[in-house]
Amino acid sequence: QVQLVESGGGLVQAGGSLRLSCAASGRTFRYVLVAWFRQAPGKEREFVAVITSSDGTVYGGSVKGRFTISRDNAKNTVYLQMSSLQPEDTAVYYCATDSKSAYNRPLYTYWGQGTQVTVSS
């Protein structure tokens, strides 16, 4: 049974930073594609970033240059470092693995429960 648990969300002022964590159990994250998505109220789930099996990274256009995805194999955890946060970054952030389609589509087998990020202006 694969379980993903996100943490690190919270309330931050515009221009601030947060680091989200996605810890896995039941499967190793080594050499596995893991993605972050986010969903704001009334909006569709949006691709944020992905780290590929070979540790390549791709970012959504709205976060490129501000967010960084990385992994720590020893801790079986994937991180999302978020900087220069803006109110429009407010959303529930989810990590996911085992993609069933293109990596930027929210069609994954395993999802975490999500962590709320709120950016105040």
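Asp98 has its place in strand 9, where strands are DSSP runs (E, at least two residues) numbered from the N terminus. The model is predicted, so local features need pLDDT of at least 70 and side-chain atom pairs count only at pLDDT 80 or more, while totals for chains, interfaces and linings use all residues. Residues are numbered from 1 along each chain as its sequence is written, and side-chain values use heavy atoms, with hydrogens and water left out.

- Asp98 counts as partly exposed because its relative accessible area is 25%; buried means under 20%, exposed over 50%, and partly exposed in between, with a 1.4 Å probe and protein chains only.
- Strand 9 is mostly covered, with 7 of its 9 residues buried.
- Strand 4 and strand 9 pair in the antiparallel sense over 6 bridges; two strands count as paired if DSSP finds at least two bridges between them.
- Within the pairing of strands, Trp36 stands opposite Cys95 in strand 9.
- Strand 9 is also joined to strand 11 (residues 115-120) by 3 bridges, and these strands run antiparallel.
- Val92 stands opposite Gln116 in strand 11.
- A further 3 bridges join strand 9 to strand 10 (residues 108-111), again in antiparallel fashion.
- Thr97 stands opposite Tyr110 in strand 10.

- An open sheet of 4 strands has the order 1-3-8-7, and its pairing is antiparallel.
- Strand 1 (3-7) and strand 7 are the edge strands, since each pairs on one side only.
- Neighbouring strands of this sheet are turned by 15° against each other on average, direction ignored; the axes are lines fitted to C-alpha atoms, for helices over the stretch in contact, and angles run from 0 to 180 degrees between N-to-C directions.
- Strand 7 and strand 8 pair in the antiparallel sense over 6 bridges.
- The bridge partner of Ser70 in strand 8 is Tyr79.
- In a regular strand the side chains alternate between the two faces of the sheet.

**Loops on either side of strand 8**

- Asn76 is found in the loop between strand 7 (67-72) and strand 8 (77-82).
- Asn76 counts as buried because its relative accessibility is 14%.
- Not counting residues up to four places away in sequence, Asn76 touches Cys22, Ala23, Ala24, Arg27, Thr28, Phe29 and Arg30; contact means heavy atoms within 4.5 Å.
- The side chain of Asn76 reaches the backbone oxygen of Ala24 at 3.1 Å.
- A polar atom of the Asn76 side chain also lies 2.8 Å from the backbone oxygen of Arg27.
- A polar contact is a pair of N or O atoms within 3.5 Å; within protein, one must be able to donate a hydrogen and the other to accept it, and residues adjacent in sequence count only if both atoms are side-chain atoms.
- Ser84 is found in the loop between strand 8 and strand 9 (91-99).
- Ser84 has a positive phi of about 50° although it is not a glycine.
- With a relative accessibility of 37%, Ser84 counts as partly exposed.

**Aromatic rings**

- A pair of aromatic rings is described by the distance of the centres and the angle of the planes.
- Rings of Phe, Tyr and Trp (its six-membered ring) pair if their centres lie within 6.5 Å; planes under 30 degrees apart count as stacked, over 60 as edge-to-face and the rest as tilted.
- The count by this rule comes to 6 aromatic pairs.
- The rings of Phe37 and Phe47 form an edge-to-face pair because their centres are 5.8 Å apart and their planes stand at 70°.
- This pair links distant parts of the chain, with Phe37 in strand 4 (residues 34-39) and Phe47 in strand 5 (residues 46-51), 10 residues apart.
- Phe37 is buried at 0% relative accessibility, and Phe47 is buried with a relative accessible area of 13%.
- Ring pairs link Phe37, Phe47, Tyr94, Tyr103, Tyr108 and Trp111 into a cluster.

**Charges over rings**

- The charged end of Arg45 sits over the ring of Trp111, 4.7 Å from its centre; the rule requires NZ of Lys or CZ of Arg within 6 Å of the ring centre and within 35 degrees of the ring normal.
- Arg19 lies over the face of Tyr79, at 4.1 Å from the ring centre.
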